[in-house]
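Here is a note for a colleague who is meeting this structure for the first time. The points below are meant to be read with the structure open alongside.

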Amino acid sequence: MENENSEVGAHGDAGRGDPPLGITVRVKFHGRMIPVSISPDSTVRDLKSFIQPLTNVLPRGQKLIFEGKILNDTSSLKSLKVADGSKVMMIASQGLHQADGPITNDHSPKSSILRSNLQLLKSRQELQKNNRGPVREMKAMVNKSQKDYWRITGVVALSNCHLKVVPEEVWDCGDKIRVLDANNNFIQEAPAEIGLLTSLYKLILNANDISDNGISWEGLSSLKSLTVLSLNQNHLTTLPPALGSLTSLHQLHLANNNLASLPPELEFLNQLQILNVRNNRISSVPSSIGNCSSLIEIDLSSNLLVELPETFGNLTNLKALHLSNNGLKSLPSSLFKMCTQLSTLDLHGTEITNDILRQVEGWEAFDERRRAKHQKQLDFRVGSSGAFDEGADDDMK
């Protein structure tokens, strides 16, 4: 059944700040109708740009079909006889989605979290089935010898243990613990007691059930030796200003959450070398990121970015920048000129073309570094042509 959703169409218009437009085109995608208000003088490419924030499909990944014909980007809607109320079918190319893929019947953040939860729960049920046993209570497993082992080695390894909470015996070990790895459990909290682990330098809680209220940032802030924090594949939607108090961090991994933004206090992480926030719903990056002068690698792939702040040019130690599957159409003007160590740049699934890149000051020097690092791969892929192959097209299609 086709779902008429006028709220979606209104959201598209309001988001662009445009005045009321002439016609409403009904775009059929994944079993629902998306109304889009637009001028009849607009081109098909303009229509794709309106559709992008409503479906998370990049314009270059959209194929629009009207009356059995594929629409050409440069043609106007009026010339194609697309009128008020016309139905246009959209087909999305694989691999050209922003964030966590195309929005289908329900595009709310809550439904996105629910889908992620169901997928994670299914994988864990399979794990439990393969183990041929019921979910075990970790409390029964922790004995004196294991606790002593934690104290001696300084390493608490609790991955895939079906935990709902971190065992209290971990907190009892206090400053003896240097590494806590509790990947792939059902843990919902990183409680205030974590502040008791004053020697902790690596905390890994990937693939758990941690939400915004489940983290004691006050507890984390007391960990003055913490250099690695990994919270990939949880349910985080926001990061508090307290993140800026983790000034010893070298690596911050927050991939596969539902983050909408990064806090300006990120600037205080002046020892941060690796920032991984791929596959979230981040629409903008604070200009304060330019103060993170130690950054070597940034992964912003699969988000909702349309631009980057000019302060990226301040990241003079940056070597790798991953930007695939975003709505970017340009790069900061000083990126190549100032980031003289940059040699890896991934632009697959963006709208940045080779022509755009060649106009950015410092392109030639960057291209030399890229070639020097990837010469073998380059020769294998494109022979002697030497064409740039980091995701940029020769022209817009």
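In what order do the five strands of the open sheet with mixed pairing come? The points below begin with that, after a word on the model as a whole.

1. The model is a predicted one, and its secondary structure comes to 11 helices and 14 strands. Among contacts between residues at least 6 apart in sequence, 52% join residues that are at least 24 apart.

2. To answer the opening question, the five strands follow the order β2-β1-β5-β3-β4 in an open sheet whose pairing is mixed. The edges of this sheet are formed by β2 (32-38) and β4 (69-70), each of which pairs on one side only. Inside the sheet, β1 (residues 23-29) and β5 (residues 87-92) run parallel and are joined by three bridges, and K28 can be found opposite M89 in β5.

3. A reader who turns to the nonpolar residues will find a core of 20 residues, which is the second one and separate, and which includes V44, I51, V57 and L77.

4. A further open sheet holds nine strands, in the order β6-β7-β8-β9-β10-β11-β12-β13-β14, and here the pairing is parallel. Its edge strands are β6 (155-157) and β14 (344-346), each pairing on one side only, and the twist from one strand to the next averages 5°. At one end of that order, β13 (residues 320-322) pairs with β14 in the parallel sense over three bridges, and H322 stands opposite D346 in β14.

5. Which residues have the most contacts inside the largest nonpolar core? They are F312 and F336, in a core of 68 residues. The elements that give two or more residues to this core are α6 (168-172), α7 (217-221), α8 (335-338) and α10 (363-373). Leaving aside residues up to four places away in sequence, F312 touches V285, I289, I298, L300, L321, P332, L335 and C339. As general background, nonpolar side chains in soluble globular proteins tend to be buried together.

6. Is N206 buried or exposed? This asparagine is found in the loop between β8 (202-204) and α7, and N206 counts as buried because its relative accessible area is 16%, which is under the 20% cut-off. When residues up to four places away in sequence are not counted, N206 touches A182, N183 and N184, together with S230, L231, N232 and N234.

7. A last point concerns the cysteines. How many disulfides does the structure hold? The number is zero, where a disulfide, in general terms, is a covalent bond between the sulfur atoms of two cysteines. C161 is buried, since its relative accessible area is 11%, and C173 likewise counts as buried, at 1% relative accessibility.

Terms used
Residues are numbered from 1 along each chain as its sequence is written. This is a predicted model: local features need pLDDT of at least 70, side-chain atom pairs count only at pLDDT 80 or more; totals for chains, interfaces and linings use all residues. Side-chain values use heavy atoms; hydrogens and water are left out. A disulfide is a pair of cysteine sulfur atoms within 2.5 Å. Buried means under 20% relative accessible area, exposed over 50%, partly exposed in between (1.4 Å probe, protein chains only). Two strands pair if DSSP finds at least two bridges between them. Helices (H or I, at least four residues) and strands (E, at least two) are DSSP runs, numbered from the N terminus. Axes are lines fitted to C-alpha atoms, for helices over the stretch in contact, and angles run from 0 to 180 degrees between N-to-C directions. A nonpolar core is a set of buried Ala, Val, Leu, Ile, Met, Phe, Trp, Tyr and Cys residues joined through side-chain atoms within 4.5 Å. Contact means heavy atoms within 4.5 Å.
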